[in-house]
Amino acid sequence: MLAYIFRRLLYALPILIGVNLITFALFFIVNTPDDMARMQLGVKRVTPEAIEKWKLDRGYDKPLFVNAAAGGVGTLTDTIFFEKSVRMFVGDFGRADDGRDIAREIKARMWPSLAIALPTFILGLFVTVSLALLLAFFRATALDFWGVVLCVALMSISGLFYIIGGQYLIAKVWKLVPISGFGDGLDAWRFLILPVFIGVVSGIGSSTRWYRTIFLEEVSKDYVRTARAKGLAETVVFFRHILRNAMIPILTGVVVVIPLLFMGSLLTESFFGIPGLGSYTIDAINAQDFAVVRSMVFIGSVLYIVGLILTDISYTLVDPRIRFS
Amino acid sequence: MSDFQIVVLWSDILVWLLLAAGIGLGLLISRSPPLLAAWRRVGASRPGMASATVLLAFVLVGLLDSLHYRPALESQPGEQTQYAIEVLSVLDALVGPLRTENEKTYSSPLATHLHAKETTEVPGVGTVREFPRLKFGGVHLDDPAQRGGDVAMTALRAVGLAALVWLALAALVAARCGGWAAVWRGRTRFAWNAVLATLGAMLLVLLPVFLLAGDYHVFGTDKVGQDVLYQILKSVRTALIIGLVTTLVMLPLAVVLGIVAGYFRGWVDDLIQYLYTVLNSIPGVLLIAAAVLMMQVVIDTHPEWFATAAERADLRLLALCFILGITSWTGLCRLLRGETLKLRELEYIQAAQAFGVSNWRIILRHILPNLMHIVIIALVMDFSGLVLAEAVLSYVGIGVDPTMTSFGTMINNARMELGREPVVWWSLAAAFSAMFILVLAANLFADAVRDAFDPRAA
Amino acid sequence: MLQVKDLRLGFASGERTLLAVDGISFAIARGETFALLGESGCGKSATAQGLMRLLPTAGRIVGGSVQLDGEELLARSEAEMRAYRGGRMAMIFQEPATSLNPVLTVGRQIGEVLERHRGLRGEAARARMLDLLRQVGIADPERRLDEYPFQLSGGMKQRVMIAIALAGEPELLIADEPTTALDVTVQAQILDLLAQLQAERGMGMLLITHDLGVVARMAHRIGVMYAGELVEVASREEFFTTPRHPYTQALFAALPDMTRRGMALTTIPGQVPSLAAMPAGCRFADRCPLVMPVCREQSPAWREAQPGHAVRCHWQGAQAAPAVVSSVADALPSGQAPLLDVADLKVHFPIRKGILQRTVGHVHAVDGVSLAISPGRTLALVGESGCGKTTVGKALLQLIRPTAGSVRLAGEELTGLSGRDLRAARRQLQMIFQDPFASLNPRLRIGEIIAEGMTALGVGGDAAAAVRALLQQVGLPDDAAERFPHEFSGGQRQRIAIARALAVQPALLVCDEPTSALDVSVQAQILNLLKTLQGELGVAYLFITHNFAVVEYLAHDVAVMYLGRIVERGSADEVLGNPRHPYTQALLSAVPVPRLDGAGERIRLPGETPSPAKPPSGCHFHPRCPQATEVCRERYPDGKTLSDTHVAVCHWVN
């Protein structure tokens, strides 16, 4: 098993390098640092001095790949590519425009993100799988039909509406919970309950429908007929036979997003004023803080790749066909 | 010397090209019985045809909004004609007053007065704080108290008109398709009953809205006093372009790379798989954010490229489609690769190989046609997701140009107003409802298409 | 014990219910095996599922009565019905691979039944499970109990299915094509097991099959189904000596057989009417050689021809007039220079593992095959699934590149050819595939499909005229060229595939199980066509098959394959009449023969074919061979020449 995980990690490395190269190209080759400086400082009234200072502040004054002036190892290391891209592999993301260390900021902000994303994820999975099970159990009945119609309607509603509407109705009109904000420790639950609730509700439509089709696919398989031929009750057939098989694609399908829970949700966090990574990203995008956006892209990819590895591992755990071969 | 100068925006070209491609594809399909049969199944599906009717109305608005021109400014005879800097569309011309009759600021739907009190100087009385009358909304009324009756009368007339129009349409359909009974009992091969029912509902809603829109702001006005109904109409084109042009960008990439990877396997497959795994590992929003930020830098540092603001916004819209396309081809590509892997083991492919048919010919004749159903399903399924994504991206600040009207920018501009007292809700409500109708129709249509094309369902 | 009366089953299709089973009645006594025989789509599987009330979602029980010991099953509530299912009546299915739940252990799946119907749990249940596994002949049951289905071979999965069925101590066992998915030698094991268990327990058994051989081997009484109706019910003896219904007679006449060599097989023209358009009178009328006007108007009533032998037919004669037997020109004699000469052909597939995809071993799919085919003759390559016979066919066409060895066609070496040279060679060599539904591109018209090879290989001339001529040659109407594959039945599609291959006028056709997906009557049409074409065009066939009846009828020469190698080859008479290799002998004796006297002394092979990735040491066959000794375990035997043409690869053949 360890050897397997190690091998998977090795697979991940070239992908991470690819991500790194793409982000580098996007941030430093599509536009030169001069362009970025000019844009941030205002295109019209900008002096060459101001541009130079802007670049110096951020360490963008170096050559992209080869610094002939530095000599020795510095030829390769004293460059933008090495300083800004390669160093990300060791967790050094540099500083944001406000001068704060990005890595430290990320460490502090990922917990509030997780505090919202994790309950949303678990609760959402539980609710949608249960609903899908219900629809699949009563397949081809009126309940199933209207359930699917409702799902399609729910998934046609913009995610923004869930948040804006929910916040307005529950927090502002009914005043059940605070509109936004975040607290420390146990006090945080008051602030979490609404975003988690909205997160769960907004995911019901598409997930339920998707899981329902997975269940229905299993229902039509031969082994289900065998189980019925044994004289088992429909509930036993469903929970012992179908659920187990359907959970394999469902579980392994969701495992990939688990590491990404640390990244939080862009929309929820910015609407509810949660000091997590999602709102951090949004603020950085609005402030055009390229260093932060670049770091988040890299972190996001790392987490996704971790998710892929976890997916492979979870397959070996839940599917005996892979576990024993 | 003319009254206007035609402006062709890049996105217009793409829109009309898409339409032409759609018609061309239709002709091609009519020659391929299996595809034609599948589309017939779509045509027989009642939810599918009802939603298609709604979609068609949206498309019509979008097309009208894709013929642009610059009106001539009034000029003295003999002078060189000057054209306005503002780029208008045929839709703008058709809805004329909706675009120009701007109030000062917020007014609620069908209002005669502004939403907030203002301090005005009344001769003889001094300064008073009151709700001022609107400049355009309901000005034909001598007494604002008559509003209720006037609105009801207009709506009633509209409903009557709707009924007449609908009856005429229904009679036409019935005459051509074998009588009333056949149409209503669903015995026609095309789901005419669904189309007619939807048309009826649409007429009942839309005709009153448009008749009222002449005298009132049916959905109110926004912060700068612009009519919300007008904004909704303008948003439709943006949503359609995002939904359609993006797939246009994504499709060739996904189809070519997916088939090539699955068919040739070996190092080509490894390379393409690597490519899409890398792109896929960057969380979508972040990749889009990074790319859009960079695009903004390019646009902002090259103001000389764009003659008008409309052109800039337009190019930015296309760039957004392009970015969305680049970031979203991986899913379909993987799907097509998997299907191609399965197809290439099928015996008819081996039979072709045994004849020494060249690989590219096999791909064109045997593989591509047998993947068309997946491509079509993916195309319609992606549309609604993209429309929803536009709103989110615009909200995050990485969507369309802020000067371009879209559902996203409408929501973004209006969301702060929920905090006002009394609350300004109409802008948001209108944007969300319009988006909901569009996306719901797209989703239902996609379902009908999927059911008809999925060989497992057939 | 089981009484079925006027059972009518249908499938909902839109607003209509199409009757798949229309009023069938039969009875099964304790200890009796009743076989329902019929071709695909005749409603026999629907009947089985209907008895258990396990029809798919669209299925409806329209009417009739099913009584088990006088208790009406169709009147039971769903909950009451569950007490019968798996308890007093149990069922086994065709596909053991998909019929077991992949994520539950074998023990769990058997245990459910014990818990549900016998109230056994824990140790008692485990002891009973071990007992059951032993009864169905599974070695090492303690270990197997905790294994998952994917760890078992196909035959073992079917044994587990049987164990599950037996766990509830059923009085009635319904076996729906229980051996169709299995190899001949494994089929023989499973049939033996079923017969033995039935005798021990005195169960009634409803056996559903399309195979007359299986019927002869297993059944006490037989019911023949056609288009949703029973048309004949008879005891085994009556059935095989004096079949009465023209359909039954046609089924027998369509069987390929050694005795029919050189003759055209009798075929049944046309096809089974679709559920939506059942004829009003006798449903077989349109295809019946003895059709009378009354047949088209009135559905015949049951008539007792002999006590216990009932038939539904207006025609009262005893035996149908023998169909006009046209003899087919037989092949050229051997002895000419071989058209195809294959020497030591090897196809190894690498097994890759690890990050660098290192090759850690090879699947020896084809491991040194040599064979020769003379112009205008048929060589049958026979073997069970996984022996590499299909790979040989594809390697000949260079669809799979051989690892080693030579393939010479008319003196020209094919291995290593590419581009233009290979295309030229391919004009000589074409292939017909097994699955007529996968071998035609659904998006192309028949004309385009047939013309494809001509265009690709640059066969000149008027393509449209050529297509018409080919269609005529394979017995399809001219207007077929404009239509699409889905408009044709399986047999017609196979004709199209043959026309496509013939379009480039090849000298050799590789036929990869071209009839195994077809019903017997359609198979006869295709075999006749192949034989006629050979007579007319002088084309040679490499006929890849597992079906010995077809081999007997069609082949001039036979080669038997086991685990990637040929173990015996010779002329058809030599190999089939005087088999010398123990594997050939066992294979031949395992084939169920559709005759009363079929039950001779049988050689039963234990176990199943091992994986070609890890072939056994020495002679590949030794773990299953009844004659194996020390030398067989150590050394692969050399070929022993028994006559000019007959070679057997075995230590014990002199």
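Which residues of chain A does UniProt list for "domain: ABC transmembrane type-1"? The unreviewed entry gives residues 110-314 of chain A. Please keep in mind that this is a predicted model.

**Annotated spans in chain A**

- Residues 110-314 of chain A, the span listed in the record as "domain: ABC transmembrane type-1", are 79% helix and 0% strand in the model. The end C-alpha atoms of this span are 24 Å apart.
- The unreviewed UniProt entry also lists "transmembrane region" for residues 9-30, 114-138, 145-171, 191-211, 248-267 and 296-318 of chain A.
- One of these spans, residues 9-30 of chain A, is 95% helix and 0% strand, with its end C-alpha atoms 31 Å apart.
- Another, residues 248-267 of chain A, comes out at 50% helix and 0% strand. Its end C-alpha atoms lie 30 Å apart.

**A helix pair in chain A: α2 and α3**

- Helix α2 (residues 33-41) of chain A and helix α3 (residues 48-58) of chain A have axes that come within 9 Å and cross at roughly 110°. Angles of 65 to 115 degrees count as roughly perpendicular, so α2(A) is roughly perpendicular to α3(A).
- On the α2(A) side, the contact is made by Pro33(A), Asp34(A), Met36(A), Ala37(A), Arg38(A), Gln40(A) and Leu41(A). The α3(A) side brings Ala50(A), Ile51(A), Trp54(A), Lys55(A) and Arg58(A).
- Sorted by class, the residues of this contact are seven nonpolar, one polar and four charged.

**A helix pair in chain B: α9 and α16**

- In chain B, the axes of helix α9 (residues 228-264) and helix α16 (residues 426-453) come within 10 Å, crossing at roughly 35°. The crossing of α9(B) and α16(B) is right-handed.
- Helix α9(B) makes the contact through Val228(B), Ile232(B) and Ala239(B). Helix α16(B) meets them with Trp426(B), Ser427(B), Ala430(B), Ala431(B), Ala434(B) and Leu438(B).
- This contact has eight nonpolar residues, one polar residue and no charged residues.

**Where chain C meets chain B**

- Here 26 residues of chain C are in contact with 20 residues of chain B.
- About 2,100 Å² is buried between chain C and chain B, and carbon and sulfur atoms give 56% of that area.
- Which residues of chain C lose the most area to chain B? They are Asn441(C), Arg443(C) and Glu452(C), which together account for 31% of what the chain C side buries.

Key. Residues numbered from 1 in each chain as written. Chains lettered and ligands numbered in written order. Predicted model: local features only at pLDDT ≥ 70, side-chain atom pairs only at ≥ 80, totals over all residues. Heavy atoms only, no water. UniProt positions renumbered as here; feature names shortened; annotations may be inferred. Helix = DSSP H or I, 4+ residues; strand = E, 2+ residues; numbered from the N terminus. Axes fitted to C-alpha atoms, helices over the stretch in contact; angles between N-to-C directions. Parallel < 35°, antiparallel > 145°, perpendicular 65-115°, else oblique. Contact = heavy atoms within 4.5 Å. Nonpolar A, V, L, I, M, F, W, Y, C, P; charged D, E, K, R; others polar. Left-handed = near helix turned anticlockwise from the far one by under 90°. Buried area = accessible area lost by both parts, 1.4 Å probe.
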